[in-house]
Structures are given as C-alpha cells and as structure tokens.
Amino acid sequence: MTNSFNKPGDTGLRRVIKATGYSIKGLKSAFKSEAAVRQELTLCAIFIPVAFYLNVSKIETIALVGSLVLIFILELINSAIEAVVDRIGPEHHELSGKAKDIGSAAVMVAIFFAIFTWFLILV
C-alpha cells in the first residue's frame, strides 16, 4: 500500500547504496568548499587518536570522541544551511542572516561542549 508520503524510486538495498553515494558526495563537497570542515577534520585526526591513547574509561573515551564528532556533524549541517541560503540569492535578508547565525551558533555551542568535556575528563 502506498500513500502520498512515499517517494517514488528505489527501495531496499539499492536506496541504501544510492544514499551512501550521496553522502560521500556531500562529504567531498564540504571538504573542498568549506575551510571550517577541513580545520575540524584536522582537529579530529589529531585528537581522536589522543582520546584512545589516554588512560580513561571506555565511556570517557566515547565522550571525548563523541564531543569532537558532534562538532563535525554540526559543521556539516551549518554548511548545508549556508549553501541553501546562498542558493536563494546573494542579497542580504534578515532571515537569511538569522539562519546562518543560528547554524554558526550551533557549531560554537558544540565546540564549547567539547572543551568542557575534555576539561572535565582530563582535569
């Protein structure tokens, strides 16, 4: 039974394979076009191995790594918001600025959370 909410197209494994391809394409695009994505991936490449090297519990390691991954996830979402806003048009609009600022604020909160997490576990 189908309804108006179902999208036509591939289902099952074929959909998963296509979705994975789109995700990889998105990661490549973000890496090429966004300096913040490259910077945050560099920080992850440095600090995630450090998190596994530290003499902390497994749950603390998960918190350390998770706080870094959260920054990266939110940066991807922020980059997507910026791309959509920029697609709409180059002229300044209050709501466009608000959307970009809120996306940026989400990344900033995640960075503060990561700093707090690392500080609390390591100090």
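The dialogue below goes from the overall fold to single residues.

Mentor: This is a predicted model, in which local features need pLDDT of at least 70 and side-chain atom pairs count only at pLDDT 80 or more, while totals for chains, interfaces and linings use all residues. Residues are numbered from 1 along each chain as its sequence is written, and side-chain values use heavy atoms, with hydrogens and water left out.

Trainee: How many helices and strands does the chain have?

Mentor: Helices (H or I, at least four residues) and strands (E, at least two) are DSSP runs, numbered from the N terminus. Here there are four helices and zero strands, in the order α-α-α-α from the N terminus on. The radius of gyration of the chain is 18 Å, well over the 14 Å that the globule rule gives for 123 residues, so the chain is more spread out than a compact globule. That radius is taken over C-alpha atoms, and the rule is 2.2 Å times the number of residues to the power 0.38. Along the principal axes, the C-alpha atoms fill a box of roughly 55 × 45 × 25 Å.

Trainee: What percentage of the 123 residues count as buried?

Mentor: Buried means under 20% relative accessible area, exposed over 50%, and partly exposed in between (1.4 Å probe, protein chains only). In this chain, 20% of the 123 residues count as buried.

Trainee: Among contacts between residues at least 6 apart in sequence, what percentage join residues at least 24 apart?

Mentor: A contact means heavy atoms within 4.5 Å. The share here is 63%.

Trainee: How many aromatic pairs are there?

Mentor: Rings of Phe, Tyr and Trp (its six-membered ring) pair if their centres lie within 6.5 Å; planes under 30 degrees apart count as stacked, over 60 as edge-to-face and the rest as tilted. The count comes to one aromatic pair. The ring centres of F47 and W118 are 5.6 Å apart with planes at 75°, so this pair is edge-to-face. It links distant parts of the chain, with F47 in helix α2 (residues 35–53) and W118 in helix α4 (residues 94–122), 71 residues apart.

Trainee: Is W118 buried or exposed?

Mentor: W118 is buried, with a relative accessible area of 11%.

Trainee: Where does V16 lie?

Mentor: V16 is in helix α1 (residues 12–33) and counts as partly exposed at 40% relative accessibility. Its C-alpha atom is separated by 31 Å from that of I111, 95 residues apart along the chain.
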